[in-house]
Amino acid sequence: MKRVYLDHAAATPVRREVLEAMLPYFRERFGNPSAVYDLGSEIKDVLEEQREKVARLINAHRDEVVFTSSGAEANNLAIKGVALANLKKGRRIIISAIEHHSVLNAARYLEKFHDFEATFLPVDKYGLVEPERLRKSLSPETLLVSIQHASNEVGTIQNIRELAAVCREQGVIFHTDAVATAGQVPVDVKDLQVDLLTLNGPALGAPKGVGTLFFRHKTRLVPQIHGGIQENGRRGGTENVPAIVGLGEAAVLARQELAGKAKYLTGLRDLLVAGVKERVPCVVHTGHPTQRLPGHVSFCIEGIEGEALVFMLTSQGIYANTGSACASKALKTSPVLCALGIHPELAQGSVVFTFNTDNSAEDVNYVLYHLPLAVGRLRSFSPVWRKRTAAAVGE
Amino acid sequence: MRFVTELKADATADLVFRVCPMHLLEPVDLIKDLKTGQVLEILTDYDGALEDIPAWCDKNGQEFLGVGEDEDEDFYKLYIRKLH
């Protein structure tokens, strides 16, 4: 059976070039970077080369990059690390209502254990945070604001430059989670004027188990993994050298391929959006129609449950998701969709397709053939849909 | 312990919240880039630095100028003058 994998926001295969770059670091070049002899010091040099490569992708200095085990860890280091390092400056943190759980739960942790106040900033129907609303919500107690660069659930790209500028004017530290955008759209920390920015390796075609936090010079962080002097004393634990080498290689490729990749993915995205609009009635596109990730399509389909649709598509070899990979297993109405004002009943029909460059127009056509059939089948035994169509006939 | 006030530094090593022995490793690198007579400021929250930094200066022939007095901060400011 044909396999069409369209859940790249959840996991992406490691790129061949990335894997090849990593392989020597499992056996031949296995030294501990902290060791003083040549087998270790050589690896320390390799680590610094990777730091430079990742820094170049986001236009940062290599001293502003700390490697972590994931985007979630980088978010934790940003939120908790900055908050605990600046207790005297204030105990209020503002995040958007549609942040990833690693930001949301880090904020909740600070509320519960460190007497912080967390404010959840509402978004508009597209998932955008209004800069003016942010400005009004700032107070002298506000220490940190965290707003994701793009939502992996609805694809909307925030106006981060404007939001960061609002914070800069007031001397408030600004963090953005750029896991969804890096490698998809330009991510330049000098242009965005952010103080902290999170990246994740897998989103770039590196393996799972590696991420990065950018922190602007002079931004103090309390380490969240206590240990030795790895990462210049900001994150304990022996570095995951093969994965970091993979991330470095992936960052180089991402920088080279960015423009072409965005154009290609936008083409696939628009093809799927147009095709669904034509073939499936009563579908609501979620997120911003144009200010969105190139390879990201998200819908809410009336009269069905997203989980059932995903299972049905899987039986045809199509792999999609109902929302974020973390939230989808909980079978709860997505808080992100609720924050966009989508009715909980409609939000049940959420489905998300995320592309990569190994996908083709043929894949899209395959989905456009099977998706309407699956939706039609599910609707045929949906009481909600039957009620809705009966009402429409009655009208 | 020697205390100093309003010392102007030519470079600063901000090691606040960074684990031991970063308070020794990074200043060693930074002092290499200073000219003789210039002053390095070390910011650290590590209590052991109050002993380690003067001891390192003694051992390496650099001048330990003292610890800055600033009751508003939760960290120490230590000053070294490069002698060679």
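The following legends describe close-up views of a predicted model.

**Figure 1. The two domains of chain A and the contact between them.** The domain assignment divides chain A into domain 1 (4–10 + 259–384) and domain 2 (16–254). The centres of the two domains, taken over C-alpha atoms, are separated by 28 Å. In the contact, 21 residues of domain 1 of chain A meet 21 residues of domain 2 of chain A. On the domain 1 side, strand 10 (296–301) and helix 12 (335–339) of chain A each contribute at least two residues. That side of domain 1 of chain A comprises nine nonpolar, eleven polar and one charged residues.

**Figure 2. Helix 10 of chain A and its buried residues.** Helix 10 spans residues 306–314 of chain A, and A:Gly306, A:Leu309, A:Val310 and A:Leu313 within this helix are buried. These residues lie on the same side of helix 10 of chain A because they cover an arc of only 100 degrees around the axis. An α-helix has 3.6 residues a turn, so residues three or four places apart point the same way. The elements that cover the buried residues of helix 10 of chain A include strand 10, strand 11 (318–319), strand 12 (350–354) and helix 14 (361–380) of chain A.

**Figure 3. The crossing of helix 2 and helix 9 of chain A.** The axes of helix 2 (residues 38–57) and helix 9 (residues 241–279) of chain A come within 8 Å and cross at roughly 35 degrees. The crossing of these two helices is left-handed. Helix 2 of chain A takes part in the contact through residues including A:Ile43, A:Val46, A:Leu47 and A:Glu49, while the residues from helix 9 of chain A include A:Val241, A:Ile244, A:Val245 and A:Arg255. By class, the residues of this contact of helix 2 with helix 9 of chain A are twelve nonpolar, two polar and four charged.

**Figure 4. Helix 6 of chain A, its buried side and the residue that follows.** In helix 6 (residues 160–170) of chain A, the buried residues include A:Ile160, A:Leu163, A:Ala164, A:Val166 and A:Cys167. Their arc of only 150 degrees around the axis places them on the same side of helix 6 of chain A. Among the elements covering the buried residues of helix 6 of chain A are helix 5 (131–137), strand 5 (142–146), strand 6 (173–177) and helix 7 (189–192) of chain A. A:Gly171 follows helix 6 of chain A and has a positive phi, near 70 degrees.

**Figure 5. A:Asn59 in a loop of chain A.** A:Asn59 belongs to the loop between helix 2 and strand 2 (65–68) of chain A. Phi of A:Asn59 is positive, near 60 degrees, in a residue other than glycine. Most residues other than glycine have a negative phi. A:Asn59 is partly exposed, with 14 other C-beta atoms within 10 Å.

**Figure 6. The loop between strand 2 and helix 1 of chain B.** B:Phe17 is found in this loop, and its phi is positive, near 75 degrees, in a residue other than glycine. B:Phe17 counts as buried because it has 20 C-beta neighbours inside 10 Å. B:Pro21 is also located in the loop between strand 2 (11–14) and helix 1 (22–32) of chain B. The peptide bond from B:Cys20 to B:Pro21 is cis, with omega near 10 degrees. Most peptide bonds are trans.

**Figure 7. The contact between chain A and chain B.** Eleven residues of chain A and eight residues of chain B form the contact. On the side of chain A that touches chain B, five residues are nonpolar, three are polar and three are charged.

How values were computed: Residues are numbered from 1 along each chain as its sequence is written. Chains are lettered from A and ligands numbered from 1 in the order in which they are written. This is a predicted model: local features need pLDDT of at least 70, side-chain atom pairs count only at pLDDT 80 or more; totals for chains, interfaces and linings use all residues. Domain bounds come from an automatic or database domain assignment. Two residues are in contact if their C-beta atoms, placed from the backbone, lie within 7 Å. Helices (H or I, at least four residues) and strands (E, at least two) are DSSP runs, numbered from the N terminus. Ala, Val, Leu, Ile, Met, Phe, Trp, Tyr, Cys and Pro count as nonpolar, Asp, Glu, Lys and Arg as charged, and the others, Gly among them, as polar. A residue is buried if 20 or more other C-beta atoms lie within 10 Å of its own, exposed if 12 or fewer, and partly exposed in between; C-beta atoms are placed from the backbone. The arc is that of the directions from the helix axis to the C-beta atoms. Axes are lines fitted to C-alpha atoms, for helices over the stretch in contact, and angles run from 0 to 180 degrees between N-to-C directions. A crossing is left-handed if the near helix is turned anticlockwise from the far one by less than a right angle, and right-handed if clockwise.
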